[in-house]
Amino acid sequence: MAPSSAQAPGPPAGQPSLAGATGANRPGELPAVHDALVGVALPALAVSARHAQLTGAGLEGVYLSGRRLLSRCVLRVAGREPVPLQGRSTGADRAEFLGVVRTPGDNGPDPGLTVERSREADGTERITLRSSVPRAMRLPVEIALGTDLADLGAVAAGRPGPELSGSVHGTGLRWTAPDGSAAAVMADPPPSDALAAAGLLRWEAELAPGGTFALTLRVRGERATGHPGAGAGRPGGHILADAAAEGDDPRLAELLAVSTDDLRALLQRDPAHPADVHLAAGVPWRCGPVTAEALWAARMALPLGTRLAVTTLRALARTQLRGAGRESGRVPGPLRDAGPHLPPRCTGVEATLAFPAVLAEARRWGLPEQDLTELLPAAERCLEWLRGALDTDGFVQEPGPAGPARAETQAHAHRAAVLGADLLDACGRPGGEAWREWARALRDRFRDRFWLDDPQGGRPALARTPDGRLLPYLGGWAAHLLDTGLAAGGLRAPGLLDKSQTERLAGLLTSPALDSGWGLRGLGMKEPGYNPFGHRSGAVRVHETAVAVAGLAAAGYEEEAATLLRGVVDAAAAFDHRLPEMYAGERRTSGSRPAPHPAACRPAAVAAAAPIQLLTVLIGVRPDAPGRTVALRPLRSAPLGEVRLSGLRVAGEPFAARVGRLGLGMVEEAAPGLQLGV
C-alpha cells in the first residue's frame, strides 16, 4: 500500500484514494479492500461488493478523476433484492454478477428468475432479467440511486458528507454539488417513472415465457465548469505489446494476460502533457502523480516495449530540481514508510538513482535514438546529484540532518553509477571511467563497512547510522543488493557484493526466516518488529521477490531463484492471477493459501509488472540491441516445464523464444540481423 505520506497508512491529500464511508477513520486507518471487485480504467474506478448492490457504505461506488459519481445503486425486482450467487472480475475494467429472484408464482425451492449484471469501470451497468418460468410475467423493477459527489480525500477520511438531492434529467437523474460539479445517470430504455426525491427509477418489465428484459445505466460526470469530467482520456493500449505465454503450466498464460491487462488499466495521462502516460502506483490508494514505483514497473515491463519507460522518464524529468544548489538534479518525491527500524525514506532519491539505470537498460532493449538523446541530459543531472550526495563516510545518506545510509540505497547508487558509465560512453559523453572508479570505491566501502560477520557467514546490514552503528535487521530489501542491472552483451553488471557475500545472501533469501513459501517477507520472521501483515515489516512484497529471482538467476543461483519463482506463481493463482502489491508473510503449509493484506493495492503497478520480469527471467532473455545481439540464459532446471513467450519486443521488433523441459532455450522470432549472443 505504501501511501505517499511519511507514515505507512493514509493517502496524501489531493491524490485519488478510496475509503470507508461510514464514520470517520482512525488516524492512519485504511478500510479493507481485499474482497472488493475493483474495475479500473483510469481515471475511472468502480468498486463493488460481490453482491453487486452499491449501498453507499464502505468503498462501494463509481469514481472519476477524484470524485465519487455514484455511491448507491440498489436493484429490486418485484419488491425483492436479488439473492447474490456469484460476483467476479472478468477483466481489469469490469465485473459480472449473478443472482436470482423468486417470483410471486414460484412454487418449491427453485427460483424462476435469473439476474445478470455487468459493471464497467466508468459505471456503465447492464442488467438482464432472464425468465425460466412457462408463463408470461409483468414485474416491477426499481433501481434506487444516490451520490454524495464526495472528494476522494473526504471518502478516505470516512467523512464523505450526506447524499445530495437529485432532479429528473433526461432518461434518469442528476445531482449537483455546492461547488458546481455534477453527476448524472441515464437509463436505456427510459424508465416509466422517475422519483427525484427518492432517487428512484421504475420500469414495468414484461417477460414472455423464457424471455428476457434488459436495461443499461450510464454514469456521466461534469466538472464545475460544466464540461464532462473525463480527465485527459484513456491512454491507448498500444504502449504495451500483446505478449503471450504458453507451455506445460497453463497458469502462466493467464498470469501474463491478467498482468498486462492490469498494467493497461493503470495507465494514466499527465494532465499537463497528455501525450505522455505513466502508471498509477496502485488502486485504490495511489493514483496521483508519477512515482518511483511507476518507474520500477516500467523497467520490469521493458520486454513489452520501451515506450512506457520513455514517457515515465519524461514525466519524472519534468519534475527534476534545477539550479545551483545541492539538491539540483534530484527528482522530488514523497516520504514513505520504511519499516519499524528506519525513519521514512525519500522515494525521490529512489527515482533519481533509478533514472540513469532504467534509461541504460531501455537502450539495451531497443530504445530509439531520438528518445535517448532527449532523456540523456536528465540522466546526467541525476548522476551529478549523486556525485554530491555522499556523506563523510562515502555513502548516500537519506535526506535530513541525521538520516541513515540505507543498504538498499547504496545498491541503487552503485547500479546508477555502473550503468550510467556505460550510457555516457555509448553517447560519447565524458565521465564514464570516472563513474566506474566511483562505483569500485563504493563497492570496497560497502563490503567492508556494511557486512556483519557472524559464525554462520554473516549478513548485510539494513543501514548504517551517522555515528557508524550498523542495524542488523534482515528482510526482503536485501534482494536489491543482487540487482546489478543489464550490461553490454546481456551480461550481468558488476555486483555490490563479493562472491562469498553473494553466496551467503542467496542462502539467506531462501531461508525459512525470509522465504514464506509465497515469496520474500519484508522483514525476517526472527527479527524484532516482525508482523506478517506489516508493510516493510513482514508482509510479502511482490516487487522485492521478483527482484530477488532476477538477481539470483543472474548470479548463477538458479535453484534459489526457481524456489522463489514457484512461490509467487502459486500465490498468483490464489489471487486469480491479479497479484496485490503485498500479502501476509504467514508461513506456507500444506493446503494453505496466501492471506490477503486487507488494505493492499490491487492492482498495483509493480505487482502487475512483476510477472513479466519473472517470465523473462525464466526464459532468460538478455538483449543488447545496440550490439545487435540477444542472449538466452534460461533457468536450466526448467522449474515450470516447457514455456514459450511470444509478442515481446527486442530492438523494436517482435521477439519470441522457448525454453524446453531440459532447460535449453531457442529463439523463434527476432528482429532481422539480431544475432544470438553467448
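## A charged cavity lining

By class, three nonpolar, three polar and seven charged residues line the second largest cavity of this predicted model. Here Ala, Val, Leu, Ile, Met, Phe, Trp, Tyr, Cys and Pro count as nonpolar, Asp, Glu, Lys and Arg as charged, and the others, Gly among them, as polar. A cavity is a set of points, on a 1 Å grid over the protein atoms alone, where a 1.4 Å probe fits but cannot get out, and its lining residues have an atom within 4 Å of a point. The space in this second largest cavity is about 100 Å³; a volume is the space filled by probe spheres set on the points, with grid points joined across faces, edges and corners.

Which residues lie nearest the centre of the second largest cavity? They are Arg345, Glu350, Arg536, Arg541 and His543, out of 13 lining residues. Two or more residues each come from α3 (292-300), α5 (347-365) and α10 (542-554), and α3 gives the most, with three residues. Helices (H or I, at least four residues) and strands (E, at least two) are DSSP runs, numbered from the N terminus.

## The largest cavity

Rolling a probe the size of a water molecule over the atoms shows where empty space is left. The structure holds nine cavities of 30 Å³ or more, and the largest has a volume of about 150 Å³. Its lining has 14 residues, with Ala338, Leu342, Leu462, Trp477 and Arg536 nearest the centre. Sorted by class, that lining is made of seven nonpolar, three polar and four charged residues.

## How the model was read

Residues are numbered from 1 along each chain as its sequence is written, and side-chain values use heavy atoms, with hydrogens and water left out. Since this is a predicted model, local features need pLDDT of at least 70 and side-chain atom pairs count only at pLDDT 80 or more, while totals for chains, interfaces and linings use all residues.

The predictor's confidence in each residue, pLDDT, runs from 0 to 100. The chain averages 91, and 93% of the residues score at least 70. Over residues 1-23 the pLDDT is below 50, yet this stretch has 97 contacts in the model beyond near neighbours in sequence. Contact means heavy atoms within 4.5 Å.

## Two nonpolar cores

A nonpolar core is a set of buried Ala, Val, Leu, Ile, Met, Phe, Trp, Tyr and Cys residues joined through side-chain atoms within 4.5 Å. Buried means under 20% relative accessible area, exposed over 50%, and partly exposed in between (1.4 Å probe, protein chains only). The largest core has 168 residues, of which Leu279, Phe355, Leu386, Leu481 and Leu509 touch the most other members. Helix α12 (residues 605-619) provides the largest share, twelve residues.

What is Leu386 in contact with, leaving aside its neighbours within four places in sequence? The partners are Leu353, Val396, Ala413, Ala416, Trp435 and Trp438. A second, separate core of 38 residues includes Leu69, Leu75, Val101 and Phe213.

Most residues other than glycine have a negative phi, and most peptide bonds are trans. Leu42 and Pro43 are joined by a cis peptide bond, with omega about 15°, and Pro43 lies in the loop between β1 (37-41) and β2 (44-48). Another cis peptide bond joins Arg602 and Pro603, with omega about 10°; Pro603 sits in the loop between β29 (582-583) and α12.

Leu149 has a positive phi near 45° and is buried, with a relative accessible area of 4%. Asp576 has a positive phi near 55° but is exposed, with a relative accessible area of 58%.

Methods. 1 Å grid on protein atoms, 1.4 Å probe; cavity = no way out; pocket = protein on both sides within 12 Å on 5 of 7 lines; lining within 4 Å.
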